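Let's take a friendly walk through a protein model.

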Amino acid sequence: MDYHPMFEAIRAGTAVPVDYVKEIVTGRERYTQEIESDIDYVLTGKSKVRVFLGEYGLGKTTLARYAEYVSRERGMMISCLSEKDYDTLHKQDEFFRSIMKNMSMVGINGNPLKIFLRAWAEKTLAELEELKIASDDVSNVREYLSTRDNYDPNGMFSHFCAAYVANAGKGAPGEEFYAYLVGDNVDRRTMKKHGIYHFLQDDGWNFLRSFTSLMDTLQVPGLVVIMDELEATMNRRRDVRDRTFNQLREIIDKMSSGFLQKSYFLWLGTDAWFENKHRGIASYHALYDRMKNISGDSSGKTVILNLDPLSKEDLRKLIRRIKSLYSSCYSYAADSSFEEKTLETLMKQYTGIDGKLRPSVREVTKLTVELLDSSRLGNETDTVGNTDSVKAADNLW
């Protein structure tokens with residue numbers, strides 16, 4: 001495996017590409033095992049919410065990307081939401097649009113939704129032709145879908161799908177349908193012209209439930225919705241914040257009741273986001289009590305897991321792992337003292353006034369790679385008398 005893209009991302013201080021994230025979750029086995037167990041549980045047909053809480057720098061985003069990695073390996077549909085999506089999280093229709101517009105799937109460049117819908121429409125059109133049902137008649141298509149897939153004939157999903165199939169039957173591209181789902185500016189009048197009279201703000205949850213049923217029809221094993229940086233919701237106006245928290249409460253209620261199948265919601269936020277009694281979850285008891293007391297599956301365990309800082313031994317293991325991968329990538333092996341020297345440097349730079357060591361995974365990997373680069377480049381130039389890189393490494397140590 002070519003690790004150059006991973007090391008370039010580490011040097012730039014950006015998130016490691018998903019394909020490489022498994023390589024740097026050293027010391028987080030407890031949490032990665034929970035993620036894997038959660039996804040295996042969801043693939044049995046259940047649904048679940050999982051919450052990771054921890055201060056900035058403890059690796060929540062790395063765990064989110066690990067969940068994305070595992071989901072991709074399982075062939076699931078994935079939607080990753082972050083701070084930019086939370087301005088309108090309190091609006092039901094915008095929440096579902098955020099899920100749709102952030103969709104991804106392994107093997108497909110960009111959003112797979114358009115390909116997904118087109119493949120399903122073509123399959124449905126072939127069935128209609130065989131049954132000699134007029135595919136350009138929205139009412140006929142709606143009646144057929146409600147019989148075949150048990151979609152509510154008066155629900156938004158049934159209206160949307162029937163209109164989409166009828167449009168495809170006429171050979172039209174159907175761009176308005178996709179645009180509406182991902183939040184582009186498509187007004188109701190345009191949708192009504194296609195025979196759609198129910199909308200996401202009226203019927204969003206039933207839409208998502210039918211969508212997961214549609215995934216099953218196309219043999220997509222499940223849906224994963226990753227919601228990172230949820231602490232951003234604390235900064236909203238009080239009324240907006242309460243409506244946002246109510247939206248999250250509804251997600252837990254829908255998951256706990258089995259309303260959705262094969263769906264996994266992963267939430268990541270800080271301790272303050274959960275415990276702050278003025279702006280956090282603790283200010284909205286309906287959600288706070290559910291998150292503390294409702295289990296995520298038949299095991300009876302709480303949905304919340306609190307992240308602990310990496311221990312010294314975990315840091316040492318991570319440094320050793322980066323050193324090993326670096327060696328395979330650049331054919332350079334640092335000397336035997338490298339791990340301890342790097343750990344000492346981390347302790348000097350990242351020990352707080354309370355005496356606790358709290359470097360983030362990103363800080364550990366970046367410093368380790370910087371020291372390896374300095375050591376490697378210094379070793380390469382030392383033979384021609386250039387010791388600048390060696391001095392740079394010495395200064396860091």
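**The whole protein**

Please keep in mind that this is a predicted model. The protein has 397 residues, and 52% of them are buried. Its secondary structure consists of 17 helices and six strands. Taken along the principal axes, the box filled by the C-alpha atoms is roughly 80 × 50 × 40 Å. How do contacts link parts of the chain? If you take the contacts with a separation of 6 or more, 71% of them are between residues 24 or more positions apart.

In soluble globular proteins, nonpolar side chains tend to be buried together. Here the largest nonpolar core has 78 residues. Which residues have the most contacts inside this core? They are Phe95, Met227, Phe265, Trp267, Trp273 and Met291. Helix H7, which covers residues 156-169, gives the most to this core, with ten residues. There is also a second, separate core of 28 residues, and its members include Met6, Ile24, Leu325 and Leu372.

Setting aside neighbours within four places in sequence, Met227 is in contact with Leu81, Tyr86, Leu89, Phe95, Leu248, Phe265, Leu266, Trp267 and Leu268. Phe95, Phe265 and Trp267 in that list are also among the residues with the most contacts inside the largest core.

**Pockets and a cavity**

| Largest pocket | about 360 Å³ | 21 residues | eight nonpolar, seven polar, six charged |

In the largest pocket, the lining residues closest to the centre are Gly59, Lys60, Thr61, Thr62 and Arg362. Helix H3 (60-73) and helix H16 each supply at least two residues of this lining. Which element gives the most to the lining of the largest pocket? It is H3, with four residues.

The elements giving two or more residues to its lining are H7 and helix H10 (200-217). H10 gives the most, with seven residues.

The structure also holds one cavity of 30 Å³ or more. The largest cavity has a volume of about 50 Å³. Its lining is made up of Ile24, Val25, Thr26, Arg28, Leu58, Gly59, Thr62, Leu63 and Val361. By class, five of these lining residues are nonpolar, three are polar and one is charged. Gly59 and Thr62 belong to the lining of this cavity, and Gly59 and Thr62 are also among the residues closest to the centre of the largest pocket.

Is Arg376 buried or exposed? Arg376 counts as buried because its relative accessible area is 14%, which is under the 20% limit. Arg376 lies in helix H16, residues 361-381. Beyond its neighbours within four places in sequence, Arg376 is in contact with Arg11, Tyr326, Tyr330 and Tyr332. Its side chain makes a polar contact of 2.7 Å with that of Tyr326. Tyr330 is 46 residues away along the chain, and the C-alpha atoms of Arg376 and Tyr330 are separated by 8.9 Å.

Glu127 sits in helix H5, residues 113-130. A polar contact of 2.9 Å joins its side chain to that of Lys123. Apart from neighbours within four places in sequence, Glu127 is in contact with Tyr144 and Arg148.

**Two residues with a positive phi**

Most residues other than glycine have a negative phi. Glu229 has a positive phi, near 60°, and is found in the loop between strand S4 (223-227) and helix H11 (238-256). Glu229 is partly exposed, at 30% relative accessibility. Lys262 also has a positive phi, near 55°. Lys262 is found in the loop between H11 and strand S5 (263-269), and is partly exposed, with a relative accessible area of 23%.

Terms used
Residues are numbered from 1 along each chain as its sequence is written. This is a predicted model: local features need pLDDT of at least 70, side-chain atom pairs count only at pLDDT 80 or more; totals for chains, interfaces and linings use all residues. Side-chain values use heavy atoms; hydrogens and water are left out. On a 1 Å grid over the protein atoms alone, a cavity is a set of points where a 1.4 Å probe fits but cannot get out, and a pocket is an open set with protein on both sides within 12 Å along at least five of seven lines; lining residues have an atom within 4 Å of a point. Grid points are joined across faces, edges and corners, and a volume is the space filled by probe spheres set on the points. Ala, Val, Leu, Ile, Met, Phe, Trp, Tyr, Cys and Pro count as nonpolar, Asp, Glu, Lys and Arg as charged, and the others, Gly among them, as polar. A polar contact is a pair of N or O atoms within 3.5 Å; within protein, one must be able to donate a hydrogen and the other to accept it, and residues adjacent in sequence count only if both atoms are side-chain atoms. Contact means heavy atoms within 4.5 Å. A nonpolar core is a set of buried Ala, Val, Leu, Ile, Met, Phe, Trp, Tyr and Cys residues joined through side-chain atoms within 4.5 Å. Buried means under 20% relative accessible area, exposed over 50%, partly exposed in between (1.4 Å probe, protein chains only).
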